[in-house]
Amino acid sequence: MDRTKLIRIVKAQWLNVLLIAFVLLMFFNPDAKAWMLQRLFSVGLFKAEIKKDTAKNESSNSSFLFTNAEGRTMSTADLKGKVVLVNFWASWCAPCRAEMPSLEALYKKLGKDNRYVFLFINEDGDQSKAIAYLKKDKLTIPLYTHSGNIPDAIYSGTLPTTIILDKEGKIVFKHEGVANYNTDSFVKQLKELL
């Protein structure tokens, strides 16, 4: 095929070529996919909402061990009396990357209030990758890993997964997939749990 014929085909099919390039970019580049999801946040899609009367009856199903960056292991059972937001994420996960700025903003709003606990549980399997991602994106969220088994009521392997435990340790919110957590309505709902 000569060059002029190829140019003629590309000119005639430029929209198809552009669409294919866009799809490939979204498929292979987690940053591009995260950027697109964040644009969808701005139009009001993927809003998080805590529904009334959704606390699970079994508070014992919400207990698991986690380890902080210094290697200290703790349990969610020790956090009763506080509202706990748990987010399971990985640095390679595009939906996780998309929601991370909203979680960072929420953490900055409420993280200094000792009535809230934020557990950002990294599932990379390699803490250095998580640390590099947090540094690159200038995120200040605290880094944790899980220790041992996590009840299926909390986390079944879908990334990202976010749960909220009320002051009694009951699950009042569970969302698998991407969401925007930095909305006035979600902050208000968290404050109502106090």
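**A walk around strand β6**

Hi everyone, let's start with the contacts: of those in the protein with a separation of 6 or more, 68% are between residues 24 or more positions apart, where contact means heavy atoms within 4.5 Å. Before going on, please note that this is a predicted model, in which local features need pLDDT of at least 70 and side-chain atom pairs count only at pLDDT 80 or more, while totals for chains, interfaces and linings use all residues. Residues are numbered from 1 along each chain as its sequence is written, and side-chain values use heavy atoms, with hydrogens and water left out.

Now the overall layout. The protein has six helices and seven strands; these are DSSP runs numbered from the N terminus, with helices being H or I of at least four residues and strands being E of at least two. Along the sequence, the order is α-α-α-β-β-β-α-β-α-β-β-β-α. Of the 194 residues, 41% are buried. Buried means under 20% relative accessible area, exposed means over 50%, and partly exposed is in between, with a 1.4 Å probe and protein chains only.

On to β6, residues 161–165. How many of its residues are buried? Five of its five. T161, I163 and L165 point one way, while T162 and I164 point the other way.

What does β6 pair with? Strand β3, residues 83–89, runs antiparallel to β6 and is joined to it by five bridges; strands count as paired if DSSP finds at least two bridges between them. In this pairing, N87 stands opposite T162. Strand β7, residues 171–176, also pairs with β6 in the antiparallel sense, over five bridges, and there E176 is the bridge partner of T161. β6 and β7 make a hairpin with five residues between them, and in the turn G169 has a positive phi of about 85 degrees.

The largest nonpolar core has 48 residues, and I164 and L190 have the most contacts inside it. Such a core is a set of buried Ala, Val, Leu, Ile, Met, Phe, Trp, Tyr and Cys residues joined through side-chain atoms within 4.5 Å. Leaving aside neighbours within four places in sequence, the contacts of I164 include V84, L85, V172, F173, F186 and L190.

Next, helix α5, residues 127–136. Its residues A130, Y133 and L134 are buried. They sit on the same side of α5 because they cover an arc of only 95 degrees around the axis, the arc being that of the directions from the helix axis to the C-beta atoms. Those buried residues pack against β3, α4, β4 and β5, and the face turned away from them carries the exposed residues K135 and K136. After α5 comes K138, with a positive phi near 55 degrees. Is K138 buried or exposed? At 69% relative accessibility, K138 counts as exposed.

Last, the cysteines. C93 counts as buried because its relative accessibility is 4%, and C96 does so at 1%.
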